[in-house]
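Thanks for coming. I will take a few minutes to walk through one chain, so please keep the picture in view while I talk.

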Amino acid sequence: MHDQATRSQTQTDPFDIARAHALQATLGETPSLQTGDLLPPFAHHIYFWDPQPPSQLGLDGHPAKGGFIPDLGLPRRMWAAGRLTFHRPLLAGIRAEHTSTIEAITRKQGRSGPLGFVTIRHDIKQRNALALTEWQDLVYRADGLHGDTPTAPTDETHREDVRFDSTTLFRYSALTFNGHRIHYDADYARQIEGYDGLVVHGPLLAHLLMGFAQRQLATLTQFSYRATAPLLHHEMATLCWKNGQGWVRGPDNRQCMIAEAR
């Protein structure tokens, strides 16, 4: 079933250099960006905050559903996939405008129960020119449903191991103003959501995989990705690449994310 979806909202942000430096430090890099420098792909996610008071938050720490993000009557909401078209580079320290539009709302019956899907398009302009178009796919589900665990390929031509800890997850949550408790509240993650530890942010994995793809291609024009299984903060991940395909492999060859880039 499809619902009409015409909501939109616009924000502006100065793209503060200090926040970009904090992201570099969080990822183990030396803070070096200056005003006018090219931002790394996906760095825009540390900007355009939409802070809400505690009274407007849900149990999971996210803003309560029913505002800009619709309430589909299902308690768990996850960022499942996304795709980006890079029209021109985003620049550090230069004011930007961000317009979000809900493009589609879909409900369907999955093998494990009802599911809801919301697609949001984000257009970012800088210096009056469109720089980036991004689509985010949100999935809504019932409590206790984590889905199947796919197996990742092992025939990559390039690979890079990355590790996480609770401090990195906390700092990334702070930088993106992401209050979801699965990323910093271990008791909540275990007792309420059923995970065996803190969950690494899907956007953080996408950020790292996007940067890895850019190092193989030199320039990114498009990138699409889909989260396929959770990665926990105490687990090592391997970024993998082969012929325009990227993926994140977790322990026991668990496939955590897949992507295509060009």
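Which residues in α1 are buried? They are I17, R19, A20, L23, Q24 and T26. Before I go on, note that this is a predicted model.

As to where they go, the buried residues of α1 pack against β2, which is residues 8-13, and against α2 and α4. After α1 comes G28, and its phi is positive, near 80°.

Now the core. The largest nonpolar core has 46 residues, and those with the most contacts inside it are L39, L84, F164, F223, Y225 and V248. Several elements supply at least two residues each, including α1 at 17-26, β3 at 76-86, α2 at 166-176 and β8 at 222-227. The largest share, eight residues, comes from α4. Another core lies apart from it, with 10 residues, among them I69, I102, I105 and Y140. As general background, nonpolar side chains in soluble globular proteins tend to be buried together.

Take L39 next. If we leave aside neighbours within four places in sequence, L39 is in contact with F15, A20, L33, Y47, L90, L91 and A92. A20 is also one of the buried residues of α1.

On to the strands. β6 is mostly covered, with 11 of its 13 residues buried. It pairs with β3 in the antiparallel sense over 10 bridges, and T85 stands opposite T133 in β6. β6 also pairs with β5, residues 113-126, again antiparallel, over 11 bridges. There, F117 has V139 of β6 as its bridge partner. β5 and β6 make a hairpin with two residues between them, and R127 in the turn has a positive phi of about 55°.

Is A81 buried or exposed? The cut-off for buried is under 20% relative accessible area. A81 has 10%, so it counts as buried. Leaving aside neighbours within four places in sequence, A81 is in contact with W135, Q136, D137, Y225 and R226. Y225 is also one of the residues with the most contacts inside the largest core. Finally, A81 and L91 are 10 residues apart along the chain, and their C-alpha atoms are separated by 25 Å.

Definitions and conventions. Residues are numbered from 1 along each chain as its sequence is written. This is a predicted model: local features need pLDDT of at least 70, side-chain atom pairs count only at pLDDT 80 or more; totals for chains, interfaces and linings use all residues. Side-chain values use heavy atoms; hydrogens and water are left out. A nonpolar core is a set of buried Ala, Val, Leu, Ile, Met, Phe, Trp, Tyr and Cys residues joined through side-chain atoms within 4.5 Å. Buried means under 20% relative accessible area, exposed over 50%, partly exposed in between (1.4 Å probe, protein chains only). Helices (H or I, at least four residues) and strands (E, at least two) are DSSP runs, numbered from the N terminus. Contact means heavy atoms within 4.5 Å. Two strands pair if DSSP finds at least two bridges between them.
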